[in-house]
Amino acid sequence: MNSGDYTLARSNNQWALQPQVEMKFAHFLINHAVDAAFCLGENAQFLYVNDATCRMTEYSREELLSMRLHNIDVDFSLHNWSDISSQNSLTFKSRYRTKRGRIFW
C-alpha cells in the first residue's frame, strides 16, 4: 500500500512503517521539537543538530557542524568528555553561548 511518501508494510498481521519512512518521520519529529537536540562524535564534534539548536544558538547548521560542544557550552570541558562519551544517550542542561555572546540555559 503506497500513499505518497508513507509506505506501509504488513508483517505478522501488523502494519509498520518501512525503515526509510521511519527515518523521515524521526527526522521530522526531531527537527520540530521545541528543545535543542544534537548528536556528538569524537572529541565532542557536532554530527547532527536539530532546528531548535540552530534557533537557540543563532548559528547555522553548517556552522555548528564545523564546531565542537565546548565552542558553545559554557560549562563543558574535554576533561569530562570521556565520562560523557561512554553513555549511549544523555540528557542534560547546561549554559550555552549564542553567536552574539548571550548566555542561556
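Buried means under 20% relative accessible area, exposed means over 50%, and partly exposed lies in between (1.4 Å probe, protein chains only). These legends describe a predicted model, in which local features need pLDDT of at least 70, side-chain atom pairs count only at pLDDT 80 or more, and totals for chains, interfaces and linings use all residues. Residues are numbered from 1 along each chain as its sequence is written, and side-chain values use heavy atoms, with hydrogens and water left out.

**View 1**
Helices (H or I, at least four residues) and strands (E, at least two) are DSSP runs, numbered from the N terminus. Along the sequence, the pattern reads β-β-β-α-β-β-α-α-α-β-β. The protein chain has 105 residues, and 23% of them are buried. Contact means heavy atoms within 4.5 Å. Among contacts with a separation of 6 or more, 26% come from residues 24 or more positions apart.

**View 2**
Rings of Phe, Tyr and Trp (its six-membered ring) pair if their centres lie within 6.5 Å; planes under 30 degrees apart count as stacked, over 60 as edge-to-face and the rest as tilted. The whole structure has two aromatic pairs. Phe38 and Phe46 make an edge-to-face pair, with 5.3 Å centre to centre and 80° between the planes. Phe46 is buried because its relative accessible area is 2%. Phe38, at 22%, is partly exposed. Tyr96 and Phe104 form a tilted pair, with 5.9 Å centre to centre and 40° between the planes. Phe104 counts as buried because its relative accessibility is 14%. Thr57 and Thr98 touch each other.
Thr57 sits in helix 2 (residues 51-57). Its relative accessibility is 3%, so Thr57 counts as buried. Leaving out residues up to four places away in sequence, Thr57 touches Leu64, Ile72, Thr98, Lys99 and Phe104. Thr98 lies in the loop between strand 6 (96-97) and strand 7 (103-104). With a relative accessible area of 1%, Thr98 is buried. Beyond its neighbours within four places in sequence, Thr98 contacts Met56, Thr57, Glu58, Tyr59 and Phe104.

**View 3. The largest pocket holds about 680 Å³ of space.**
On a 1 Å grid over the protein atoms alone, a pocket is an open set of points with protein on both sides within 12 Å along at least five of seven lines; lining residues have an atom within 4 Å of a point. Grid points are joined across faces, edges and corners, and the volume is the space filled by probe spheres set on the points. The lining of this pocket has 24 residues, and Ala36, Phe38, Leu90, Phe92 and Tyr96 lie nearest the centre. Strand 4 (38-40), helix 2 and helix 4 (81-85) each supply at least two lining residues. By class, the lining has 14 nonpolar, eight polar and two charged residues. Ala, Val, Leu, Ile, Met, Phe, Trp, Tyr, Cys and Pro count as nonpolar, Asp, Glu, Lys and Arg as charged, and the others, Gly among them, as polar.

**View 4. Cys39 is partly exposed, while Cys54 is buried.**
Cys39 has 43% relative accessibility. For Cys54, the relative accessible area is 12%. A disulfide is a pair of cysteine sulfur atoms within 2.5 Å. By this rule, the count is zero.

How values were computed
On a 1 Å grid over the protein atoms alone, a cavity is a set of points where a 1.4 Å probe fits but cannot get out, and a pocket is an open set with protein on both sides within 12 Å along at least five of seven lines; lining residues have an atom within 4 Å of a point.
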